[in-house]
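Here is a short report on one protein model. Look at the chain first, then read on.

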Amino acid sequence: MRRYIGGRIGTHRKRIALTLSALAEAAQISFSRLSKIERGDSFPSLPLLRRIARALNQPLAEFIPASQTKYDCSYVKSGGGLLIERKGVEAGYQTCQLGSSIIDEYAVDVSIVTLLESANLPLSAPRIASTFIHMLGGKLVYRRANQTYSLEAGDTLLFDAISPHGPEKLSKAPASYLSIAVYPREA
């Protein structure tokens with residue numbers, strides 16, 4: 001059970017490209033305690049698991065083996081969502097996670113990404129997913145593999161994410177876009 005819970009935490013954390021230290025901060029837990037839980041060396045209390053689930057924007061049931069079911073509804077009031085401000089190599093990124101859903105063997109993540117003028121622009125690692133981007137404001141150049149796309153408010157981009165991808169140049173800051181990623185549940 002400890003390994004299952006830790007594995008589920010790690011899977012969700014990596015899927016949204018959250019570092020262990022960022023999740024620890026969001027869940028108000030020490031880095032070392034979270035690391036032990038994710039490795040399966042420690043069992044979290046129910047209140048602690050609830051904080052971790054909230055920080056990952058997942059239902060608590062997602063981390064309990066007997067309740068692996070579909071979650072097909074997510075409701076976030078205007079101005080809500082889980083705000084994640086990136087540090088280090090991804091400084092200058094703000095991600096507002098609006099929801100996640102599991103549909104049969106697929107998972108869906110929806111978020112609004114805002115790039116500030118100070119944003120570092122590393123490419124994202126390839127993963128098995130389809131990604132949809134709809135520009136809300138600002139201007140940027142987005143790279144996918146060897147192709148670049150100039151995007152501004154109203155533009156959309158749909159691509160498979162099996163190649164390196166991400167914003168390459170910020171032309172007008174801040175730039176915001178709606179991001180929807182669909183991927184196999186276990187990816």
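Predicted model: local features only at pLDDT ≥ 70, side-chain atom pairs only at ≥ 80, totals over all residues.

## Terms and model

Residues are numbered from 1 along each chain as its sequence is written, and side-chain values use heavy atoms, with hydrogens and water left out.

## Overall build

The protein chain has 4 helices and 7 strands. These are DSSP runs numbered from the N terminus (helices are H or I, at least four residues; strands are E, at least two). From the N terminus on, the order is α-α-α-α-β-β-β-β-β-β-β.

The C-alpha trace spans about 45 × 35 × 35 Å along its principal axes.

## Helix packing

Two packed helices are described by the angle between their axes and the distance between the axes. Axes are lines fitted to C-alpha atoms, for helices over the stretch in contact, and angles run from 0 to 180 degrees between N-to-C directions. The axes of helix H1 (residues 2-15) and helix H3 (residues 31-39) come within 6 Å and cross at roughly 110°. That makes H1 roughly perpendicular to H3 (65 to 115 degrees; under 35 is roughly parallel, over 145 roughly antiparallel, the rest oblique). On the H1 side, Arg2, Gly6, Gly7, Ile9, Gly10, Arg13 and Lys14 make the contact; on the H3 side, Leu34, Ile37 and Glu38 do. Contact means heavy atoms within 4.5 Å. By class, the residues of this H1 and H3 contact are 3 nonpolar, 3 polar and 4 charged.

H2 and H3 also pack at an angle of about 110°, with their axes 9 Å apart. H2 is therefore roughly perpendicular to H3. Leu20, Ser21, Leu23 and Ala24 of H2 meet Phe31, Leu34, Ser35 and Glu38 of H3. This contact of H2 with H3 has 5 nonpolar, 2 polar and 1 charged residues.

## Pockets

A pocket is an open set of points on a 1 Å grid over the protein atoms alone, where a 1.4 Å probe fits, with protein on both sides within 12 Å along at least five of seven lines; lining residues have an atom within 4 Å of a point. The largest pocket has a volume of about 780 Å³. It is lined by 35 residues, and Arg15, Ile16, Ala17, Ser124 and Arg127 lie nearest its centre. E7 gives the most to this lining, with 7 residues. The lining has 19 nonpolar, 10 polar and 6 charged residues.

The second largest pocket has a volume of about 360 Å³. Of its 15 lining residues, Leu18, Ala22, Ile84, Glu85 and Arg86 are the closest to its centre. Its lining has 8 nonpolar, 2 polar and 5 charged residues. A volume is the space filled by probe spheres set on the points, with grid points joined across faces, edges and corners.

## Backbone details

Ala17 has a positive phi of about 55°, although it is not a glycine. Ala17 sits in the loop between H1 and H2. The peptide bond from Ala173 to Pro174 is cis, with omega near -10°. Pro174 is found in strand E7.

Notes. Nonpolar A, V, L, I, M, F, W, Y, C, P; charged D, E, K, R; others polar.
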